[in-house]
Amino acid sequence: MTAQNTGRRVRRRSVIAAGWSTPVVVVAMAAPAFAASGGVLRFTHLNGYGANYLPSGRPTTVESQLQVLNEWGATAKTLTSLTVTLAYPDTRVGGAAPTLVSGTGWAYASVAHVGSTWVYTYTFTGSVTPANPTPLLTVRVPLINNASGSFPIVGTAAAPGFAPTTFTGSATIT
């Protein structure tokens, strides 16, 4: 593109000068604390099914399995500790301690009745590099209602410096 000079200022230069003289407004917004950290967690799966069967063929526990992925990103970091909660309807479980907690680095921490659910808390200590999942966590929680059907299991995962995540899985009793 060429500018024509007709004795007046070159129009193209006037537009350029106006662009440099236009005031700039900068808006700053607070970012969540985890945004700068780069840590993002995601459940790879969360499921449940009947286990520990009676001679009558009915289960006495619900077995749940899950893994949490330390997602890859430009600012991702190694996960060294994690807290996971699993919430089961209080119409299915009664708050008794798990009969099984299995998985390298995983431990049972507590249980609490919250609203219409029993919330079980588990902790993980270990090293999970970005783009890798935690070791598989397998737990068995005693059932108070072993009738056939499905019910939700709501999992949350949180760790210092990571964005927390929530996932709803399902347990099926047959």
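Modeller: Before we start, rings of Phe, Tyr and Trp (its six-membered ring) pair if their centres lie within 6.5 Å; planes under 30 degrees apart are stacked, over 60 edge-to-face, and the rest tilted. This is a predicted model, where local features need pLDDT of at least 70 and side-chain atom pairs pLDDT 80 or more, while totals for chains, interfaces and linings use all residues. Residues are numbered from 1 along each chain as its sequence is written, and side-chain values use heavy atoms, without hydrogens and water.

Colleague: Great, how many aromatic pairs are in the whole structure?
Modeller: The search finds four. In one of them, Tyr-88 and Tyr-120 have ring centres 5.7 Å apart and planes at 85 degrees, so this pair is edge-to-face.

Colleague: And where do Tyr-88 and Tyr-120 sit?
Modeller: Tyr-88 is in strand 3 (residues 79–89) and Tyr-120 in strand 6 (residues 117–128), 32 residues apart. Strands are DSSP runs of E, at least two residues, numbered from the N terminus.

Colleague: Are those two buried or exposed?
Modeller: Both Tyr-88 and Tyr-120 are buried, meaning under 20% relative accessible area (1.4 Å probe, protein chains only), with exposed over 50% and partly exposed in between.

Colleague: What about Trp-106 and Phe-124?
Modeller: They form a tilted pair, 5.3 Å centre to centre with 50 degrees between the planes. Trp-106 is buried at 8% relative accessible area, and Phe-124 is buried at 3%.

Colleague: Switching topic, which residues does Thr-134 touch?
Modeller: Leaving out residues up to four places away in sequence, its contacts include Trp-106, Phe-124 and Leu-82; contact means heavy atoms within 4.5 Å. Thr-134 is in the loop between strand 7 (132–133) and strand 8 (137–142).

Methods
Helices (H or I, at least four residues) and strands (E, at least two) are DSSP runs, numbered from the N terminus.
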